[in-house]
Amino acid sequence: MGKIKFIMKRRILLGLFFLSSITLNCDKKLVIISPHWEGVKIEFTRAFFTWYEKNYNERVKIEWIDQGGTTDNLKYVESLFKKNPDGIGIDLFFGGGLSPFLKLKEEGLLEKYKLPTSILKKIPKTCGGIPNYDKDFYWYGVVLSGFGILYNKKVLEFLKLPVPETWKDIGEGCYYSLVGTADPRHSGSMHMMYEIILQAYGWEEGWKTLFSIAGNTKNFSISASEVARQTAIGDVGISLCIDSYALAQIEVNGKENIGFVLPENQTVINPDCIGILKGAPNIEVAKKFVDFLLSYEGQLLWIQKKGKKGGPKEYSLNRFPILPEIYDNPEIEFDINPYQIKNTIKYDFQLAANRWAILDDMIGAFMIDPHDKLKKAWKIVLDTKNRNLKRKFYEKPVDEKIQRFLWENWKDAIFRNKYLNEWVKFSLKKFKNIIIEGKYLM
């Protein structure tokens, strides 16, 4: 594994050297904040540089920024706008799903831009009931994402465990300490899966499912990509996973070793978006970048395998284009056409956007920060089969009815810290009590 890591690091460093070399002495500049991994940045820097020079006879330099993930990028942008309300020196917010863009639009932090009609008319307004682009043209979906369960076939076969097919399945006791998840306070895709679970099952059953999954979680990683890697190497047996990370692991490790399932009637197809930030210093180049991403040439780059015609040079990106005509290309290999997926949940994306921050903090306070004690308490619940302890395990200090009150006041630091402290204390006390009571039952 050490040799593989060294080779990958060297390839990425060489790629980054390539980026710097092609952008020296450029006529134009573009600044993008994005949680996308380095392969996406390398391939789209290379492709856009070539496309822009060919079409406009100018060179363009792209500067990429990432604060550690979608949630951290969003907080960073919001904090900069508080100090500089007219512009923050960044042109584009790129990636992270849909919810961040609903929030950015609501806060007035995006510039309106209507795509050329020749491009816009080819993009369906919705997929699975969720909009592919903003009706007022403040953001656009670039690719479509599905969310499901990644599993290591060899691990499950060795332990004689079934393949989980639903989110609830992941909370079954047989998967204790075999589940991989990440902290939604840093990972936008992981946040999305927690939100999907809540909406798929409803508030009460959704939280029970999340608590059970947390009980089975080996540890909470910082990034969703790391969780997928841990699943592939067998450090965990199953994990919550976005399709792109799942397909990347399947490509590397083979279908005979790694599997991926979209829970039927329990998932959504969600656009991964881009938007021009208010006061963008290089707005004309930013518009051209959006045009390129949604052109046939730009869309093909996401799904075509590396080295093939129209595909990336070094890294297969394994994403599903938002442009339907790409799937009609007989040279494209794909297992899933997002426009043909049936039985997705009716997803309330506005609710998801409204409670984005409080959901992250609830999961942090209820499950991640006290995780050591949560796991011990869950093991007792599983071993004793005591219904009273299980009921206590699922208790939470927040009622569904007060969500609006919370999200309307969550930007107040004093208000937020008051509730966070109360939630952490509640959770620690709850799990400690279960551990103490459990000793007398064992």
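**Exercise 1. Is cysteine 241 buried or exposed, and what is its relative accessible area?**

Before you start: this is a predicted model, where local features need pLDDT of at least 70, side-chain atom pairs count only at pLDDT 80 or more, and totals for chains, interfaces and linings use all residues. Residues are numbered from 1 along each chain as its sequence is written, and side-chain values use heavy atoms, leaving out hydrogens and water.

*Solution.* 
- Step 1: recall the cut-offs: buried is under 20% relative accessible area, exposed is over 50%, and partly exposed lies in between (1.4 Å probe, protein chains only).
- Step 2: cysteine 241 has a relative accessible area of 2%, so cysteine 241 is buried.

**Exercise 2. Find out how many disulfides the structure holds.**

*Solution.* 
- Step 1: a disulfide is a pair of cysteine sulfur atoms within 2.5 Å.
- Step 2: for cysteine 241, the closest cysteine sulfur belongs to cysteine 127 and lies 19 Å away, too far for a bond.
- Step 3: cysteine 273 is in no disulfide either, with the sulfur of cysteine 127 as its nearest, 12 Å away.
- Step 4: the count for the structure is 0 disulfides.
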